[in-house]
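Here are a few exercises to work through with the model open beside you. Try each task before reading its solution.

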Amino acid sequence: MEFTTYSVEEPCFTSALPQILQQFGFKYAVLKNPNTCWGGYTRPYGGELVNWVSPDGTSILTVPRYACEGLEENSTWQTTAWGNSESYLQACLKSGIEHPVGMCFQDAGRKNDPWLGSGNAVKSNSTYVTWKEYIENFSIGKTNDDWHFTQEDILVNLMWGSQILQRIAQQVRTSENKIVMVEKLATLAHLENNYNCAQPKLDDACRTLMLAQHHDSWIVPYNRLHKDRSWADEIKLWTDHTNTLSDGIITEAPQSFDHKLSPSSETGFIRIYNTQGTNRKEIASVLLPAERYAGKGFVLVNTSKEEIPYYIEKTGGQSRSLSRRKSLLSGMPPMLSGINKRIKGTFPASGLLPVMNAFWKTICIKLL
């Protein structure tokens, strides 16, 4: 099956789409969604066809939301194209659009489908065709109108407000970041210590994250998915599940490095990992085991035997040590720096690629 035209009912637009679509073999695009503007819509521009130009200069032949296609009166839900009304069609003809397109796409399964009628009772003598058929057989076929489309030409309009979407975005991004951290730490622990991550756990963590990334999670978060729970409620459950599994692996994988440390009754160690690809300078916090450190004095010492200032914050009966000085992570190298250095050197006879410890720092805790 070959797909030639990108068109979405509940909009998924970005200025980079022409480049992406061209790479996937698409020939045409559509920027119309006249009955689902509540999910967002594009700025009105142009006539029958435009060349949608992305920031990198790639263009794709596109049916736009016409310059004459306004929003319905007292509504940001629909444009005037939604019903193929005579007034809309006349506005198109006056604007030089000889082959206007109006209503497009509607949810399957509605009792009154198709909305424009069928058989001999089709509204305004409308004709049902695919976008490929329209562009190649009915439209003007080409244009010299280049529209240099930017993100500012995409207008958002989620009528239930932004607070729920902000919360969903925070939950999903947290889980996305954890999954990436899991994959990096597990890979490095495997290369260094032959650690093997439980694949079913990682697969299940990815499964519930992908459910939270589902289109309807964002477009209808307040709609009921189950009898007693909305999409927003489910997203909280899904991301919590992903986080629980991820946290387990994030705890487990670094433990494979523990044999390289030698704690005693008077000393302990904190190891801080940088799984990102850039140097980091940040304040770090560590939850301290109450049975070992509660009510006791101690100092933090780095590998250069320099003391690191800190303070204790107590929350819910637990103590947390926070470095007051950003030098705790000062110059913390990116995760791949150690691997890059090893690649430039000599590989061991076994062929395995040892991971250098450049992407972590070890802090010693000494009891006073």
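## Exercise 1: A pocket and its lining

Work out the make-up, by class, of the lining of the second largest pocket in this predicted model, and find which helices contribute to that lining.

Solution. Begin with the classes: the lining has 13 nonpolar and nine polar residues, and no charged residues. In total, 22 residues line this pocket. Asn 84, Val 101, Thr 127, Tyr 128 and Val 129 are the ones nearest its centre. The pocket's volume is about 660 Å³. Now turn to the helices: H2 (86–94) and H3 (131–138) each supply at least two residues of the lining. H3 gives the most, with three residues.

## Exercise 2: Two aromatic pairs

Classify the ring pair of Tyr 6 and Phe 26, then do likewise for Trp 38 and Trp 77.

Solution. Two numbers are needed for each: a pair of aromatic rings is described by the distance of the centres and the angle of the planes.

Step 1. For Tyr 6 and Phe 26, the ring centres are 6.4 Å apart and the planes meet at 85 degrees, so this pair is edge-to-face.

Step 2. Tyr 6 belongs to strand E1 (residues 5–6), while Phe 26 is in the loop between helix H1 (17–23) and strand E2 (28–30); they are 20 residues apart, and the pair links distant parts of the chain. Tyr 6 is buried, at 17% relative accessible area, and Phe 26 is buried at 17% as well.

Step 3. For Trp 38 and Trp 77, the centres are 5.4 Å apart and the planes are at 45 degrees, so the pair is tilted. Trp 38 sits in the loop between E2 and strand E3 (41–42), and Trp 77 in the loop between strand E5 (59–63) and H2, so the pair ties together parts 39 residues apart in sequence.

Step 4. Check the accessibility of each partner. Trp 38 is buried, with 9% relative accessibility, whereas Trp 77 is partly exposed at 35%.

While you are looking at rings, find the aromatic cluster formed by Tyr 45, Trp 52, Trp 147 and Phe 149. Look also at Tyr 66, where the charged end of Lys 32 sits over the ring, 3.6 Å from its centre.

## Exercise 3: Cysteines

How many disulfides does the structure hold?

Solution. The count is zero. Take Cys 92 as a test case: its closest cysteine sulfur is that of Cys 68, at 4.0 Å, which is too far for a bond. The cut-off for a disulfide is 2.5 Å between the sulfur atoms. Cys 92 is buried, at 0% relative accessibility. Cys 37 is also buried at 0%.

## Exercise 4: Positive phi

Describe the backbone of Ser 124 and Asn 125, and say whether each side of the pair is buried or exposed.

Solution. Start from the background: most residues other than glycine have a negative phi. Ser 124 has a positive phi of about 55 degrees without being a glycine. Asn 125 likewise has a positive value, near 55 degrees. Ser 124 is placed in the loop between H2 and H3, and Asn 125 lies in the loop between H2 and H3 too. As for accessibility, Ser 124 is partly exposed at 22%, and Asn 125 is exposed at 73%.

How values were computed: Residues are numbered from 1 along each chain as its sequence is written. This is a predicted model: local features need pLDDT of at least 70, side-chain atom pairs count only at pLDDT 80 or more; totals for chains, interfaces and linings use all residues. Side-chain values use heavy atoms; hydrogens and water are left out. On a 1 Å grid over the protein atoms alone, a cavity is a set of points where a 1.4 Å probe fits but cannot get out, and a pocket is an open set with protein on both sides within 12 Å along at least five of seven lines; lining residues have an atom within 4 Å of a point. Grid points are joined across faces, edges and corners, and a volume is the space filled by probe spheres set on the points. Helices (H or I, at least four residues) and strands (E, at least two) are DSSP runs, numbered from the N terminus. Ala, Val, Leu, Ile, Met, Phe, Trp, Tyr, Cys and Pro count as nonpolar, Asp, Glu, Lys and Arg as charged, and the others, Gly among them, as polar. Rings of Phe, Tyr and Trp (its six-membered ring) pair if their centres lie within 6.5 Å; planes under 30 degrees apart count as stacked, over 60 as edge-to-face and the rest as tilted. Buried means under 20% relative accessible area, exposed over 50%, partly exposed in between (1.4 Å probe, protein chains only). A charge sits over a ring if NZ of Lys or CZ of Arg is within 6 Å of the ring centre and within 35 degrees of the ring normal.
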